[in-house]
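Subject: Structure for your files

Hello,

Here is the structure I said I would pass on. My notes follow below it.

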Amino acid sequence: MSQAHRDTLYVEDARILAREAFDGDQVILRLHAPQMAARARPGQFAHIQCDSCLPLRRPISIMRVDAKAGWADFLFKVVGEGTRRLAERRVDERLSLIAPIGQPFTYQLQHRRPLLIGGGVGMPPMIFLAEEMHAVTGAYEPLVILGSEVPFPFQSRPSQLLVPGLPEGVIAAMPLLDDWRVASRLASLQGYPGTYEGYVTDLARAWLDGLDAAARKEVAVFACGPHPMLEAVAALAEEYHLPCQVSLEEFMACGVGGCAGCVVPVETPRGPAMQRVCVDGPVFDARSVFPPA
Amino acid sequence: MVHKLEREMLASEFCGMRFDTPLVLLSGCVGFGEEYTRVSGFSNRDAGAVCLKGTTLEPRLGNPPHRVCETPQGMINAIGLQNPGARYVVDEILPTLDFDETRFIANISGSTVEEYAEVARIFDDSPIDAMEINISCPNVKEGGVAFGNDPEMSARVVEAVRAQTEKPLITKLSPNQTDIQENARRCIEAGSDAFAVINTLMGMAIDVESRTPIIGNNQGGLSGPAIKPVALLKTHQVYQVCREHGIPIIGQGGVTTAEDALEFLIAGASAVGVGTALFYDPLVCEKINAGIAAYLERHALNEMAQLVGSLVPND
């Protein structure tokens with residue numbers, strides 16, 4: 001009898017170590033949650049109790065962890081009652097969380113030029129993935145493209161890293177990624193300085209077009225963000241014959257696979273299915289979510 | 001985990017089954033019995049029984065998203081009985097369960113009386129400990145609550161299932177009906193051994209910007225603390241009918257704390273269902289168990305049975 005899944009999630013009362021607020025109702029919380037920090041992988045999330053008077057938790061994706069120090073960072077945007085109350089929590093308060101939940105992104109060395117695309121609150125898993133790919137493994141050269149229609153939750157700066165093929169003047173980068181020597185570029189329709197004025201997929205296309213055929217074969221795409229963005233990313237990956245994984249979100253109740261409340265329709269080799277975002281996802285192969293015509 | 005002393009106090013017999021604790025994990029909340037064991041510290045042993053996800057004869061994909069949404073002190077769900085079909089459950093899932101941990105109860109559903117009977121026949125030839133007849137699912141177009149709100153149809157379903165099995169039969173009653181007592185009476189006559197009271201209340205939530213229902217199925221079933229007072233009253237009403245027949249009740253609806261569970265026991269339930277509360281706190285069962293045991297000790301009661309139906313009504 002296989003019970004390999006048992007005892008893989010931890011309930012922790014995590015103390016808020018730091019809290020930083022940004023324009024656009026965005027907040028980053030650093031939580032002390034050593035059990036999950038020791039095990040979390042990019043793409044996974046925590047199911048967080050935002051307030052004791054709300055009956056349901058909220059799934060929030062993990063942006064960074066430090067296994068040694070035992071902390072994890074979460075970036076979220078206020079979109080409703082749960083995140084509004086979460087944004088009101090202060091340093092030294094405790095939050096109950098269940099984590100780390102879900103299937104992480106998977107990657108292989110044959111695709112050593114990963115393209116990571118994060119839109120809005122879809123940025124955190126891309127930052128986690130970039131850190132793991134580059135800093136931990138060292139064998140990858142990721143390009144991270146981040147998109148936002150509210151001010152980015154960091155002070156961007158001109159990148160120290162050259163990325164061939166991009167339109168002139170698109171030089172704004174996320175400092176954290178730049179410090180890790182991971183190339184990043186930003187996209188927005190809001191005309192922020194150094195930022196590509198357009199969609200993340202258009203910037204991605206420009207980069208892909210600048211690669212020769214051999215280099216393009218080394219690209220795999222990873223994305224998290226609003227559904228229309230994911231659909232556009234999946235179509236782009238399909239057009240360039242690139243493997244693509246997307247991370248999804250859906251209203252969620254239990255977060256551990258028990259209630260089937262958070263399903264999304266997917267295509268499987270055995271036909272259509274409804275799969276749970278919490279434990280079957282949140283990372284899915286793009287083709288199963290957006291089947292090519 | 002339940003401590004030894006607690007275990008002795010909390011154990012009971014339910015339809016001939018030994019329940020190690022009075023708690024029953026409710027159908028639809030814990031998948032097919034293994035999902036919550038992902039959580040470190042969670043154990044099926046903290047529950048007297050675990051009700052598996054509603055199962056139909058053929059596989060069902062269930063309803064489109066959104067299937068759940070939060071409401072004041074509760075939530076609405078419309079899963080739509082997503083399940084892989086009775087044959088798959090019996091052949092592929094039951095062998096993966098550890099029947100030493102707890103009692104596993106199948107939840108059988110259908111669109112026709114014949115389908116209920118066929119699902120019961122398949123589970124009868126399995127190690128499942130008991131069957132819960134789901135005549136109260138509000139989220140499917142046929143069967144479910146359409147049967148459960150009509151005492152005559154409820155009785156026909158129970159009778160058809162009874163003919164297929166000697167295993168304990170628990171009928172899950174709907175709160176969405178005029179006279180739950182009449183329904184209970186008819187189901188007892190038809191051969192029900194026990195009741196689960198209540199299933200969810202039918203409800204709706206609307207996104208005012210788009211003017212569309214939030215739930216993909218438009219409507220769904222309301223659960224959580226919001227429905228506890230309704231569930232308590234229904235449990236007490238059904239207890240009035242069951243008492244003389246010695247028929248036990250699983251009282252359920254919004255149980256979150258030991259005090260909630262005690263209320264249901266006092267109202268007449270012999271066991272208490274826990275569902276939505278798990279979403280809030282997956283480790284809630286051991287806390288409820290400890291709270292019930294502490295209450296029994298404080299009131300110098302040797303066993304829970306002394307508490308069941310001990311309500312002292314006002315004059």
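**A nonpolar patch on chain B**

On the surface, Met204(B), Ile206(B) and Val208(B) make up a nonpolar patch, and together they have about 320 Å² of accessible area. Val208(B) sits in the loop between strand 12 (206–207) and strand 13 (212–213) of chain B. Its relative accessibility is 65%, so Val208(B) counts as exposed, the cut-off being over 50%.

Please keep in mind that this is a predicted model. The predictor gives the complex an ipTM of 0.94 and a pTM of 0.96. For chain B the average pLDDT is 95, and 97% of the residues score at least 70.

**The barrel in chain A**

In chain A, six strands close into a barrel with antiparallel pairing, in the order 1-2-5-4-3-6. From one strand to the next the twist averages 45°. As background, strands of a sheet pair through backbone hydrogen bonds, in either a parallel or an antiparallel way.

Strand 6 of chain A is the one I looked at in detail. Strand 1 (residues 10–22) and strand 6 (residues 94–101) of chain A run antiparallel and are joined by six bridges. Among the paired positions, Ala14(A) has Leu95(A) in strand 6 as its bridge partner, and Tyr10(A) stands opposite Ala99(A) in strand 6. Strand 6 of chain A also pairs with strand 3 (residues 45–48) of chain A, again in the antiparallel sense, over three bridges. There, Phe45(A) has Ile101(A) of strand 6 as its bridge partner.

How much of strand 6 of chain A is buried? Seven of its eight residues are, which leaves the strand mostly covered.

**Salt bridges**

The count over all chains comes to 32 salt bridges. I describe some of them here.

Arg15(A) and Asp92(A) meet through their side chains in a salt bridge, at 2.7 Å from N to O. This pair links distant parts of the chain, 77 residues apart: Arg15(A) is in strand 1 of chain A, while Asp92(A) is in the loop between helix 2 (81–87) and strand 6 of chain A. Arg15(A) has a relative accessible area of 31% and is therefore partly exposed. Asp92(A), at 49% relative accessibility, also counts as partly exposed, because exposed would require over 50%.

A salt bridge also forms between Arg112(A) and Glu141(A), whose closest N and O atoms are 2.6 Å apart. The partners lie 29 residues apart and link distant parts of the chain. Arg112(A) is in the loop between strand 6 and strand 7 (115–119) of chain A, and Glu141(A) is in the loop between helix 3 (123–137) and strand 8 (143–147) of chain A. Arg112(A) is partly exposed at a relative accessible area of 23%, and Glu141(A) is partly exposed at 44% relative accessibility.

In chain B, the side chains of Glu118(B) and Arg121(B) form a salt bridge of 2.6 Å, N to O. Both residues belong to helix 3 (residues 113–124) of chain B, where they are three residues apart, about one turn of the helix. Glu118(B) has a relative accessible area of 27% and is partly exposed; Arg121(B) is partly exposed as well, with 42%.

Back in chain A, salt bridges with shared partners join Asp51(A), Glu81(A), Arg84(A), Arg85(A) and Glu88(A) into one network.

Regards

Methods
Residues are numbered from 1 along each chain as its sequence is written. Chains are lettered from A and ligands numbered from 1 in the order in which they are written. This is a predicted model: local features need pLDDT of at least 70, side-chain atom pairs count only at pLDDT 80 or more; totals for chains, interfaces and linings use all residues. Side-chain values use heavy atoms; hydrogens and water are left out. Two strands pair if DSSP finds at least two bridges between them. Helices (H or I, at least four residues) and strands (E, at least two) are DSSP runs, numbered from the N terminus. Axes are lines fitted to C-alpha atoms, for helices over the stretch in contact, and angles run from 0 to 180 degrees between N-to-C directions. pLDDT is the predictor's confidence in each residue, from 0 to 100. Patches are made of residues with over 30% relative accessible area and no salt bridge: like charges are joined within 9 Å, nonpolar side chains (Val, Leu, Ile, Met, Phe, Trp, Tyr) within 5 Å. Accessible areas come from the Shrake-Rupley method with a 1.4 Å probe; for residues, only the protein chains shown count as cover. A salt bridge is a side-chain nitrogen of Lys or Arg within 4 Å of a carboxyl oxygen of Asp or Glu. Buried means under 20% relative accessible area, exposed over 50%, partly exposed in between (1.4 Å probe, protein chains only).
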